[in-house]
Amino acid sequence: MSRVDHAANASGTNLDSSTTGKTTIADGVVSKVAGIAARAVPGVYALGGGGARAMGALRDAFNATDLSQGIKVEVGETQAAIDLTLVVEYPAPIQEVCDNVRASVSGAINTLVGLEVVEVNIAVNDVHLPGEESTPEESRVS
């Protein structure tokens with residue numbers, strides 16, 4: 001069963017307008033808006049699982065950042081459902097960060113894209129400790 005109203009077509013969303021014609025917004029646009037909104041929340045370290053973050057680091061090295069990394073959207077004619085995976089910065093309160101991400105993502109999609117957000121599901125798959133990536137591992141041998 002679908003979480004949102006039926007999609008108009010496979011490539012995006014149709015929004016009604018007061019003038020003749022239609023506006024189609026691609027799913028990727030909704031994903032990017034959600035990614036930008038989620039990253040703006042204090043306490044969010046990164047989006048995506050470990051493998052996605054590793055690929056993201058490679059893309060970042062070539063200035064090809066994927067703003068929709070860690071985000072899956074289901075878009076209908078007037079509604080959207082969002083699933084995202086994130087890493088929370090320690091010691092930020094995880095539930096508070098998630099509540100703030102939900103509000104930010106929902107507000108951004110509603111305001112910028114014009115879709116009603118029916119749900120924002122968040123999977124926290126890691127906690128980032130300060131200095132975690134900047135501390136080189138010591139070699140056990142010389």
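Predicted model: local features only at pLDDT ≥ 70, side-chain atom pairs only at ≥ 80, totals over all residues.
Modeller: A polar contact is a pair of N or O atoms within 3.5 Å, where, inside a protein, one must be able to donate a hydrogen and the other to accept it.

Colleague: What makes the pairing of the side chains of Asp 83 and Arg 3 a polar contact?

Modeller: The two side chains are joined at 3.0 Å, and because the limit is 3.5 Å, the pair qualifies. Asp 83, which sits in strand S5 (residues 79-89), also makes a polar contact of 2.9 Å with the side chain of Asn 121.

Colleague: Why is the link between Arg 3 and Glu 74 called a salt bridge?

Modeller: The side chains meet at 3.2 Å, N to O, and since a side-chain nitrogen of Lys or Arg must lie within 4 Å of a carboxyl oxygen of Asp or Glu, the name applies. Arg 3 belongs to the segment before strand S1 (13-15) and Glu 74 to strand S4, so this pair ties together parts that are 71 residues apart in sequence.

Colleague: What does the salt bridge between Glu 119 and Arg 3 tie together?

Modeller: In that salt bridge the closest N and O atoms are 2.7 Å apart; because Glu 119 lies in strand S6 and Arg 3 in the segment before S1, the pair ties together parts that are 116 residues apart in sequence. Salt bridges that share partners join Arg 3, Glu 74, Asp 83 and Glu 119 into one network.

Colleague: Why does Tyr 45 count as partly exposed?

Modeller: Its relative accessibility is 35%, a value between the 20% and 50% limits, so Tyr 45 is placed in the intermediate class. Tyr 45 lies in strand S3, and its side chain makes a polar contact of 3.5 Å with that of His 128.

Colleague: Which residues touch the most other members of the largest nonpolar core?

Modeller: Of its 28 residues, Val 30, Ile 82, Leu 84, Val 101, Val 105 and Ile 109 do, while helix H3 gives the most to this core, with 7 residues. Leu 84 touches, among others, Val 101 and Val 105. In soluble globular proteins, nonpolar side chains tend to be buried together.

Note on methods: Residues numbered from 1 in each chain as written. Heavy atoms only, no water. Helix = DSSP H or I, 4+ residues; strand = E, 2+ residues; numbered from the N terminus. Core = buried A, V, L, I, M, F, W, Y, C linked by side-chain atoms within 4.5 Å. Buried < 20%, exposed > 50% of the residue type's maximum accessible area, 1.4 Å probe, protein only. Contact = heavy atoms within 4.5 Å. Lists of a residue's contacts leave out its neighbours within four places in sequence.
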